[in-house]
Amino acid sequence: MKICILGLGVIGTTYGYVFQQAGHEVEHFVRPEKQEQVSGQLPVHLLDGRFDKSGREYDDTYKVSLAKPNSEYDFIFVSVRSGRVGSAITSLKEQNIKGTIVLFCNFWNTHEEVEEMVQDYPYVVGFPTAGGVMEENRLNGVIFDNVTLAKEIQANVLNYSDLLRVFEDAHIKVEIPYDMIEWIWIHMAVNAGVTSTAATLGDLGNPQKLASDLMDSSKYLSTAIKAIRETLRIVASRGVKLKKYRGEILPYKIPISISSRLMKYMFAHNELTRRIMTLHNDQADILYACNEVYHTGLENAVDMPVFQKNMEIISGKL
């Protein structure tokens, strides 16, 4: 398959690397004014969970090829900072880059708003299970063995089976929820509960320490679970029937004393999850989820004392 990755961000580059390793042709669309800054060889340090649940850690080099205007691809992966999906799609359209869009990012938008953002591109909504950070033109990343993808009947594409094959070639399993956009809202709500709690623990400029402090404390994890229960009510206030996502929300429904201990154990023994938590340092992206969820909670008059206190503390720090 011929695959285009929008930009050279962590998520897109991580998947671009594994797709290339699987034998697919991968190019990155970079704005013309930034192309001179792109090196053809990108060092990669990856904790790879596709073949081993503990993760295999290794270094490699990723060959970066640039997309040209007026090019056509089987798939264009768009993973951008939250709130920038519309402008990203416009950039592709201006350069006449064609193909099926795979949206791989957070957003709090409705189905209709997503439809408007992608303009006339065929598209599939999905969600990555990867993360990391770019450190001086070196990718320090983590990738799991699964992604989440919209049902074929919900995808506005003709080449859905080809997309499944791309992931299969890269040894990545596809999980399909009841509704992909609602699933992303739930994911954002859970993240908002976790990250808003972590953000109350210290300096916002040191997200790695905040994440570590949260993961190592049953007390703080208990607070995070209380916040998550409230943020899930915010999702429900948007008309989402949470019972259709029992598997996703079950860990937050069991008694908090048990759930917090299980979460602490998981963070202590699952290096993939722990690493992805400590590497994520995009403050703007983290706060986007918190703010979107919070404002909806206020608008819909949801009872959310723990989450609201978290957000007030964050506001004071900012």
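Student: Where is Asn-310 found?
Tutor: In this predicted model, Asn-310 is found in helix H12.

Student: And is Asn-310 buried or exposed?
Tutor: Asn-310 has a relative accessibility of 5%. The limit for a buried residue is under 20%, so Asn-310 counts as buried.

Student: Which residues does Asn-310 touch?
Tutor: Leaving out residues up to four places away in sequence, Asn-310 touches Gly-193, Ser-196, Thr-197, Thr-200 and Ala-227.

Student: Helix H12 also covers part of H11, I think. What else covers the buried residues of H11?
Tutor: The cover of the buried residues of H11 includes helix H5 (180–199) and helix H7 (218–236), along with helix H12 (305–317).

Student: Which residues of H11 are buried?
Tutor: The buried residues of H11 are Asp-285, Ile-286, Leu-287, Tyr-288, Ala-289, Cys-290, Val-293, Tyr-294, Thr-296 and Gly-297.

Student: How many residues does H11 have, and what is its reach?
Tutor: Helix H11 spans residues 283–299 and has 17 residues. From its first C-alpha to its last it reaches 24 Å, close to the 24 Å expected at 1.5 Å a residue.

Student: What comes just after H11?
Tutor: Just after H11 there is Ala-301, which takes a positive phi of about 55 degrees.

Student: Which other residues have a positive phi? I am looking at Glu-136 and Asn-137.
Tutor: Glu-136 has a positive phi near 50 degrees and is a residue other than glycine. Asn-137 is not a glycine either, and its phi is positive at about 60 degrees.

Student: Where do Glu-136 and Asn-137 lie?
Tutor: Glu-136 lies in the loop between E8 and E9, and Asn-137 is found in the loop between E8 and E9 as well.

Student: Buried or exposed, those two?
Tutor: Glu-136 is exposed, with a relative accessible area of 81%. Asn-137 is exposed too, with a relative accessible area of 59%.

Student: Let us move to the sheet with E8 and E9. What is its strand order?
Tutor: The order is E4-E3-E9-E8, in an open sheet of four strands with mixed pairing. Strand E4 (56–63) and strand E8 (130–134) stand at the edges; each has a single partner strand, so one side of each has no neighbour in the sheet. On average, neighbouring strands of this sheet are turned by 20 degrees against each other, direction ignored.

Student: How do E3 and E4 pair?
Tutor: Strand E3 (residues 41–48) and E4 pair in the antiparallel sense, over eight bridges. As one example, the bridge partner of His-45 in E4 is Asp-59.

Student: Which helix lies across that sheet?
Tutor: Helix H10 (residues 271–279) lies across E3, E4, E8 and strand E9 (139–143), and it runs at about 140 degrees to E9.

Student: Why is H10 described as largely enclosed?
Tutor: Seven of the nine residues of H10 are buried, so H10 is largely enclosed by the rest of the structure. Among the buried residues are Leu-272, Arg-274 and Ile-276. The cover of the buried residues of H10 includes E3, E4, E8 and E9, together with H6 and helix H9 (256–269).

Student: H6 again! How do H6 and H7 cross?
Tutor: The axes of helix H6 (residues 207–215) and H7 come within 6 Å and cross at roughly 95 degrees. The two helices are therefore roughly perpendicular to each other.

Student: Which residues meet there?
Tutor: From H6, Asp-213, Leu-214 and Met-215 meet Tyr-220, Leu-221 and Ala-224 in H7.

Student: New topic: which strands pair with E6?
Tutor: Strand E5 (residues 72–78) is joined to E6 by five bridges, and the two run parallel. E6 also pairs with strand E7 (residues 123–127) in the parallel sense, over four bridges.

Student: What do E6, H3 and E7 make?
Tutor: E6, helix H3 (residues 111–117) and E7 make a right-handed β-α-β unit. Strand E6 (residues 98–104) is mostly covered, with six of its seven residues buried.

Student: Last one: which residues is Leu-163 in contact with?
Tutor: Leu-163 lies in helix H4 (residues 160–169) and counts as buried at 0% relative accessibility. Apart from neighbours within four places in sequence, Leu-163 is in contact with Phe-75, Phe-77, Val-102, Val-124 and Leu-149.

Technical notes:
Residues are numbered from 1 along each chain as its sequence is written. This is a predicted model: local features need pLDDT of at least 70, side-chain atom pairs count only at pLDDT 80 or more; totals for chains, interfaces and linings use all residues. Side-chain values use heavy atoms; hydrogens and water are left out. The expected span of a helix is 1.5 Å times one less than its number of residues. Buried means under 20% relative accessible area, exposed over 50%, partly exposed in between (1.4 Å probe, protein chains only). Contact means heavy atoms within 4.5 Å. Two strands pair if DSSP finds at least two bridges between them. A crossover is right-handed if, with the strands pointing away from the viewer, the path from the first strand over the helix to the second runs clockwise. Axes are lines fitted to C-alpha atoms, for helices over the stretch in contact, and angles run from 0 to 180 degrees between N-to-C directions. Angles under 35 degrees count as roughly parallel, over 145 as roughly antiparallel, 65 to 115 as roughly perpendicular and the rest as oblique.
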